[in-house]
Amino acid sequence: MIVPNGSVLHANPLTRAIPTYQSNKTVQALKIAHLIANPRGIELHFVDQRFVPMQIASVCVTEHSVMEGGYLIIGEGGYPSYSPADAFEATYELKPGEDA
């Protein structure tokens with residue numbers, strides 16, 4: 001999946017699709033374990049280690065207050081966004097049959 005800044009979100013070859021969550025809309029989401037700065041920006045590392053890290057611009061982290069423990073969300077249009085853990089977990093439930 002290609003996201004707007006040109007990054008590509010890949011699952012490791014031995015895994016399946018990003019888990020799907022639902023409330024009044026359906027999204028895909030990964031919980032962020034660590035943020036690691038590097039010369040190209042910030043690398044998001046996920047709690048679910050079946051997914052490789054994703055590179056994002058440093059400005060995204062500051063503008064959207066991205067923090068460890070929050071969620072990278074991929075909406076129905078394929079656009080990424082961020083949600084703090086408390087807001088995400090109060091709103092969404094893992095879709096039945098999905099493996100988080």
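## Meet the aromatic cluster and its surroundings

Tyr92 is buried, with a relative accessible area of 13%; buried means under 20% relative accessible area, exposed means over 50%, and partly exposed lies in between (1.4 Å probe, protein chains only). This is a predicted model, where local features need pLDDT of at least 70 and side-chain atom pairs count only at pLDDT 80 or more, while totals for chains, interfaces and linings use all residues. Residues are numbered from 1 along each chain as its sequence is written, and side-chain values use heavy atoms, with hydrogens and water left out.

**The overall layout**

- The protein chain has 2 helices and 7 strands, taken from DSSP runs (helices H or I, at least four residues; strands E, at least two) and numbered from the N terminus.
- Along the sequence, these elements come in the order β-β-β-β-α-β-β-α-β.
- Of the 100 residues of the protein chain, 31% are buried.
- Looking at contacts (heavy atoms within 4.5 Å) with a separation of 6 or more, 51% are between residues 24 or more positions apart.
- The protein chain has an accessible surface of about 6,000 Å², and 55% of this belongs to carbon and sulfur atoms; the areas come from the Shrake-Rupley method with a 1.4 Å probe, and for residues only the protein chains shown count as cover.

**The nonpolar cores**

- A nonpolar core is a set of buried Ala, Val, Leu, Ile, Met, Phe, Trp, Tyr and Cys residues joined through side-chain atoms within 4.5 Å.
- The largest one has 14 residues, and Ile32, Leu44, Phe46, Ile56 and Val66 touch the most other members.
- At least two residues of this core come from each of β2 (26–38), β3 (41–46), β4 (54–56) and β5 (71–74), with β3 giving the largest share, 3 residues.
- A second, separate core has 7 residues, including Tyr21, Ala29, Phe88 and Tyr92.
- In soluble globular proteins, nonpolar side chains tend to be buried together.

**The aromatic rings**

- There are 3 aromatic pairs in the structure; rings of Phe, Tyr and Trp (its six-membered ring) pair if their centres lie within 6.5 Å, and planes under 30 degrees apart count as stacked, over 60 as edge-to-face and the rest as tilted.
- Tyr71 and Phe88 make a stacked pair, 4.0 Å centre to centre with 25° between the planes.
- This pair links distant parts of the chain, since Tyr71 sits in strand β5 and Phe88 in helix α2 (residues 85–91), 17 residues apart.
- Both partners are buried: Tyr71 has a relative accessible area of 7%, and Phe88 has one of 2%.
- Phe88 also pairs with Tyr92: the ring centres are 4.8 Å apart and the planes lie at 25°, so this pair is stacked.
- Ring pairs join Tyr21, Tyr71, Phe88 and Tyr92 into a cluster.

- β5 and strand β6 (residues 80–83) run antiparallel and are joined by 4 bridges; two strands pair if DSSP finds at least two bridges between them.
- Ile73 has Ser81 in β6 as its bridge partner.
- The two strands form a hairpin with 5 residues between them, and Gly78 in the turn has a positive phi of about 85°.

**The loop between β3 and β4**

- Asp48 lies in this loop and is buried, with a relative accessible area of 15%.
- The side chains of Asp48 and Arg50 make a polar contact (2.6 Å), which is a pair of N or O atoms within 3.5 Å; within protein, one must be able to donate a hydrogen and the other to accept it, and residues adjacent in sequence count only if both atoms are side-chain atoms.
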